[in-house]
Amino acid sequence: MQNEIRQEIRKEIVLKAPLGKVWAAISDAGQFGQWFGVRFDGAFEAGEKLKGVIVPTTVNDEIAAMQKPYEGTPFEIVVGEITPQTRFSFYWHPYGVEKDYDYSQEPMTLCTFSLAEVPEGVRLVIAESGFENIPLERRAKAFTANDGGWAAQTKLIEAYLARD
């Protein structure tokens with residue numbers, strides 16, 4: 001089992017912000033885009049496909065600089081579950097940033113944001129699953145890129161929520 005590739009990414013952070021503020025940051029497309037680094041063409045609605053483009057995050061200059069080369073790259077999700085103040089999910093093509101690659105026939109992974117109030121604030125768990133369905137030639141690269149990406153995103157949402 002030494003060579004077995006992990007199939008799920010899981011990141012957890014406790015955010016020092018009220019539940020309603022954290023919920024808005026993950027469930028409102030405009031707020032989500034500010035910290036995540038994407039501009040969507042509409043609102044999050046369960047079951048709907050939503051298009052956008054990558055734009056640099058507004059909360060961290062270093063990460064914004066890393067996103068800059070991808071600015072304008074199409075970004076597409078299918079919104080999954082929206083359970084107010086508890087859970088938000090979407091499907092996407094992991095590491096879908098190569099301009100000459102057609103991702104449309106590829107399976108998507110599921111990204112889930114789960115919230116729970118804890119004494120210190122709000123625990124946010126971000127999980128991405130479904131990598132076993134990604135074509136083998138892209139799987140390891142997509143997993144590695146997204147594992148690092150979600151680690152950065154936990155820092156971005158924390159910085160976004162710390163702003164007034």
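Over how many bridges do strand β6 and strand β7 pair? The legends below begin with this pair.

**View 1. Strands β6 and β7 of the predicted model.** Strand β6 (residues 109-118) and strand β7 (residues 121-129) pair over nine bridges in the antiparallel sense. Pairing requires at least two bridges found by DSSP between two strands. Strands (E, at least two residues) and helices (H or I, at least four) are DSSP runs, numbered from the N terminus. Within this pair, S114 stands opposite V125 of β7.

**View 2. Helix α2 and its ends.** At the start of α2, a side-chain oxygen of D28 reaches to within 3.1 Å of the backbone nitrogen of G30. In the helix, A29, F32, G33, W35 and F36 are buried, that is, under 20% relative accessible area (1.4 Å probe, protein chains only). G37 follows α2 and has a positive phi, near 105°.

**Notes.** In this predicted model, local features need pLDDT of at least 70 and side-chain atom pairs count only at pLDDT 80 or more, whereas totals for chains, interfaces and linings use all residues. Residues are numbered from 1 along each chain as its sequence is written, and side-chain values use heavy atoms, leaving out hydrogens and water.

Methods:
Buried means under 20% relative accessible area, exposed over 50%, partly exposed in between (1.4 Å probe, protein chains only). A polar contact is a pair of N or O atoms within 3.5 Å; within protein, one must be able to donate a hydrogen and the other to accept it, and residues adjacent in sequence count only if both atoms are side-chain atoms.
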